[in-house]
Amino acid sequence: MALLFCALLSIAPACYHMEIEILGNVQSFKQQGGLLTIKTIEAEAKVYVYSPTIIRVNISKKHSKPDSSYAVIRNADAHLEFTESADAIEINTTAIKLRIQKSPLRFNFFTADGKPISQDDNRFGTNWQGGRVVTYRKLYADEKFIGLGEKAGNLDRRGTSYVNWNTDAVDYNNKSDPLYKTFPFFIGLHSGLTYGLFLDNTHKSYFDFGATTDDEMSWFGADGGDMNYYFFGAQGVAKIIEDYTWLTGRMEMPPLWSLGYQQCRWSYMSAKEVLKIAKTFRKKKIPADVMYCDIDYMEGFKIFTWNKKTFSDPQAMMNELKKMGFHLVTIVDPGIKIEEGYKQYDEGVANDYFAKYPDGENYTGYVWPGRCHFPDFFRDDVREWWGAAFTALTDVGVDGFWNDMNEPAAWGQNIPWMVKFADKYMPEVRNAYGMQMARATYGGTRKLLNNKRPFVLTRAAYAGTQRYSAVWTGDNTGTDEHMLLGQRLVNSLGITGMAFTGVDIGGFSANPTPELMVRWNSLGIYTPMFRNHAIKGSKMREPWEWGDANEQIIKKDIEQRYKLLPYIYSAFYQSTQTGLPISRTLAIGFPFDEKVYFERFQNQFMFGDALLVAPVESDKLTTDVYLPKGNWYQLSTGEKLKGGKIVKVASPLTDLPVFVKAGAIIPIQSITQSTAAKGDGILQLHIWNGKEATDFLYYEDDGSSYDYEQGAYYKRTIRFDPKKKSVTLSAVEGMFFSRFDKLSIVWHGFERGANDKVVDFVKEEMAVRFV
Ligand code: GLC
């Protein structure tokens with residue numbers, strides 16, 4: 001049933017045809033195990049139940065195509081039960097009622113007890129507009145939308161629209177779209193209910209949250225492929241994130257060193273300069289773990305080479321760095337320079353590893369090295385080859401791998417759509433290219449490092465990238481606005497499974513003021529990846545470049561990061577188990593609290609379970625903070641504050657407003673110069689008084705190997721019970737010995753001085769009582 005639209009453009013002499021095809025009415029349906037296949041004259045819809053809270057709908061014009069996904073790692077093996085009436089088929093799980101209307105075919109989701117959560121717009125439903133497939137949904141009066149990962153704009157995306165098309169977004173700002181990454185997953189909230197929707201389609205995709213539809217409809221779609229979405233019906237944002245990351249995977253435990261302070265620059269121009277910077281950290285006793293080599297460490301920007309003059313003895317450099325307790329991360333871009341005699345070029349050509357035009361010619365684009373070919377990371381053999389080439393870096397001891405320019409970027413941006421990757425054209429897979437590069441890098445380096453954990457960082461990504469890599473938010477700018485935007489990007493990436501995220505602290509381009517540098521660094525304490533990075537030609541950014549007084553503040557803040565590492569590492573562990581991010585928009589814990597979405601509070605976030613952080617511009621020395629309901633303590637002053645209120649607090653550069661949730665349990669260690677240093681062996685357990693009993697899952701392992709997969713970890717639940725006046729530590733799980741031998745308990749907010757206690761951090765279950 002194709003309708004032909006003909007719009008006569010006043011300036012164009014010819015007629016413009018756009019074929020609109022609608023979904024039509026149900027003709028037949030059948031069930032095979034966990035799959036219900038529904039046929040209309042025009043299309044076929046498949047409905048799969050993945051779990052009681054996850055249902056997939058795949059609507060396609062092309063029948064029986066092979067089913068594949070870069071993002072999804074689960075199969076639909078849950079039970080599918082349905083009933084049929086004259087006008088509908090109903091699938092019921094314990095959490096969702098999916099009412100499939102027969103004429104026309106529409107998909108309407110309800111809670112198990114019948115409350116509408118997400119319904120097709122009955123007029124339009126799903127249809128095809130030329131090659132584009134679109135689903136229109138009813139918009140609820142109070143509906144809010146969060147998610148889509150790295151997208152500029154507000155926390156609540158209502159009234160805006162977005163495109164996913166991975167782009168080298170040079171000079172982006174708070175209105176720019178698209179940016180570097182594609183996460184076609186959002187969470188809708190209305191009437192006290194929540195749902196999630198993941199459009200698993202790598203084509204250029206579109207999300208319109210009521211921007212253009214007179215507040216009647218939202219819509220989403222893609223330029224090709226199927227209307228292939230996963231519907232999440234769990235109630236609660238955290239539960240939906242848990243389900244989404246169950247479906248698309250979770251990050252692994254990162255190497256502990258990657259949670260330390262990271263110093264980067266485009267570029268430290270020689271081994272001598274890298275070492276000088278590293279030595280200065282140690283001399284000044286500013287904790288740090290990571291140095292970076294940006295593109296200038298290479299010979300003519302050729303990947304997997306070292307510059308023979310400026311990095312003439314990488315092994316010697318690495319030995320020195322290691323002696324000082326530093327790790328090195330080196331950049332790799334996908335563009336392989338066209339140059340005979342260059343190993344990667346020769347091998348790539350000989351084995352046909354590069355992306356091609358349909359006639360078999362290798363695609364050529366310009367990037368840093370000049371004319372380049374681009375590895376076809378969609379092929380297993382190419383990923384193997386790429387992964388194995390990292391010996392050039394791992395042999396000397398590099399264990400961090402920074403994947404850049406993988407949107408893929410080429411000067412001028414417009415890579416012809418005729419370029420083929422494996423058996424697919426560019427528009428179909430562009431959004432997954434960066435992810436496949438990160439996958440190849442992770443796979444290869446994990447093998448090469450034997451049992452050691454690689455650190456992989458990527459700029460471009462697609463849903464599921466958390467399985468392979470951390471991400472950062474590309475080339476930001478040294479302004480207050482960017483600092484706040486960066487925090488929203490990190491918080492939003494966290495909704496879409498990316499827990500290990502960072503921004504260029506200080507801003508990549510433009511020089512931050514000293515005040516902004518200090519402020520941004522203090523926010524870095526509470527950013528999952530704490531990396532300072534800057535563009536070539538900018539003012540040097542290291543902590544000592546901002547005057548003595550500022551250096552002292554920066555140093556103190558970096559020390560605070562190191563003190564918090566036991567807490568942060570446990571938060572990472574929690575994320576590997578539940579998918580909950582480390583930096584959490586308040587919309588996760590307080591989804592129906594309107595104030596959380598106010599522009600002036602929307603940047604606030606929880607860092608782990610216990611800390612609420614309020615980012616503030618560098619020139620604002622007092623600020624309003626919204627504390628959601630409950631009781632809170634200001635971290636720096638210990639002052640107790642009642643939540644459900646806006647509070648005015650001082651926010652000098654020495655004191656970013658951070659608040660502790662009442663009842664919080666935060667393990668802290670002594671200041672060390674690197675994450676590998678043991679410190680004084682005492683784990684301080686800070687406990688803030690509260691009314692209800694609280695738990696903290698403490699986790700530790702060797703921080704570097706995969707032995708934890710075989711049980712070499714140290715895990716125990718710490719429980720604070722104000723009614724019983726006790727802190728109990730459960731028996732230790734796992735076969736790893738903690739690097740702390742003593743535990744000291746530090747009480748906060750207890751009226752009648754509870755005694756500080758120092759006890760053995762030993763294997764047995766124990767209880768510490770206080771008065
Ligand atoms: C890109 C990256 C940036 C890097 C630069 C040079 O702009 O986003 O982080 O420093 O390339 O490699």
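This report describes annotated spans, strand pairing, backbone geometry and charged side chains in a predicted model.

## Basis of the model

The model is predicted: local features need pLDDT of at least 70, side-chain atom pairs count only at pLDDT 80 or more, and totals for chains, interfaces and linings use all residues. Residues are numbered from 1 along each chain as its sequence is written, and side-chain values use heavy atoms, with hydrogens and water left out.

## Annotated spans

The UniProt record, an unreviewed entry, places "domain: Glycoside hydrolase family 31 TIM barrel" at residues 252–571. UniProt positions follow the numbering used here, feature names are shortened, and annotations may be inferred rather than shown by experiment. This span is 37% helix and 14% strand, and its end C-alpha atoms lie 12 Å apart. Helices (H or I, at least four residues) and strands (E, at least two) are DSSP runs, numbered from the N terminus.

Two further annotations come from the record. "Domain: Glycosyl hydrolase family 31 C-terminal" (unreviewed entry) is placed at residues 579–666, where the chain is 5% helix and 39% strand and the end C-alpha atoms lie 20 Å apart. "Domain: DUF5110" (unreviewed entry) covers residues 683–749; that span is 0% helix and 51% strand, with its end C-alpha atoms 20 Å apart.

An open sheet of three strands has the order 25-27-26 and antiparallel pairing. Strand 25 (336–337) and strand 26 (365–367) are the edge strands, each with a single partner, so one side of each has no neighbour in the sheet. Two strands count as paired if DSSP finds at least two bridges between them. Strand 26 is joined to strand 27 (residues 370–373) by three bridges, and Tyr366 has Arg371 in strand 27 as its bridge partner.

Strand 10 (106–111) pairs with strand 11 (residues 116–119) in the antiparallel sense, also over three bridges. The bridge partner of Asn108 is Gln119 in strand 11. The two strands form a hairpin with four residues between them, and Gly114 in the turn has a positive phi of about 95 degrees.

## Backbone exceptions

Most residues other than glycine have a negative phi, and most peptide bonds are trans. The bond from Ser103 to Pro104 is cis, with omega near -10 degrees; Pro104 is placed in the loop between strand 9 (96–101) and strand 10. The bond from Trp266 to Ser267 is likewise cis, with omega near -15 degrees, and Ser267 belongs to the loop between strand 22 (261–263) and helix 2 (271–283).

Phe304, although not a glycine, has a positive phi of about 70 degrees. Its place is in the loop between strand 23 (290–293) and helix 3 (314–323).

## Charged side chains

The structure holds 47 salt bridges, each defined as a side-chain nitrogen of Lys or Arg within 4 Å of a carboxyl oxygen of Asp or Glu. One of them joins Glu594 to Lys144, with the closest N and O atoms 2.9 Å apart. Glu594 lies in the loop between helix 12 (586–589) and strand 37 (605–607) and Lys144 in strand 14 (residues 144–147), so the pair ties together parts that are 450 residues apart in sequence.

Lys640, Lys642, Lys645 and Lys691 form a positive surface patch. Patches are made of residues with over 30% relative accessible area and no salt bridge, like charges being joined within 9 Å and nonpolar side chains (Val, Leu, Ile, Met, Phe, Trp, Tyr) within 5 Å. Accessible areas come from the Shrake-Rupley method with a 1.4 Å probe, and for residues only the protein chains shown count as cover. Lys642 lies in strand 41 (residues 640–642).

Conventions
Lys and Arg count as positive and Asp and Glu as negative; His and the chain ends are not counted. The place of a charge is taken as NZ of Lys, CZ of Arg, CG of Asp or CD of Glu.
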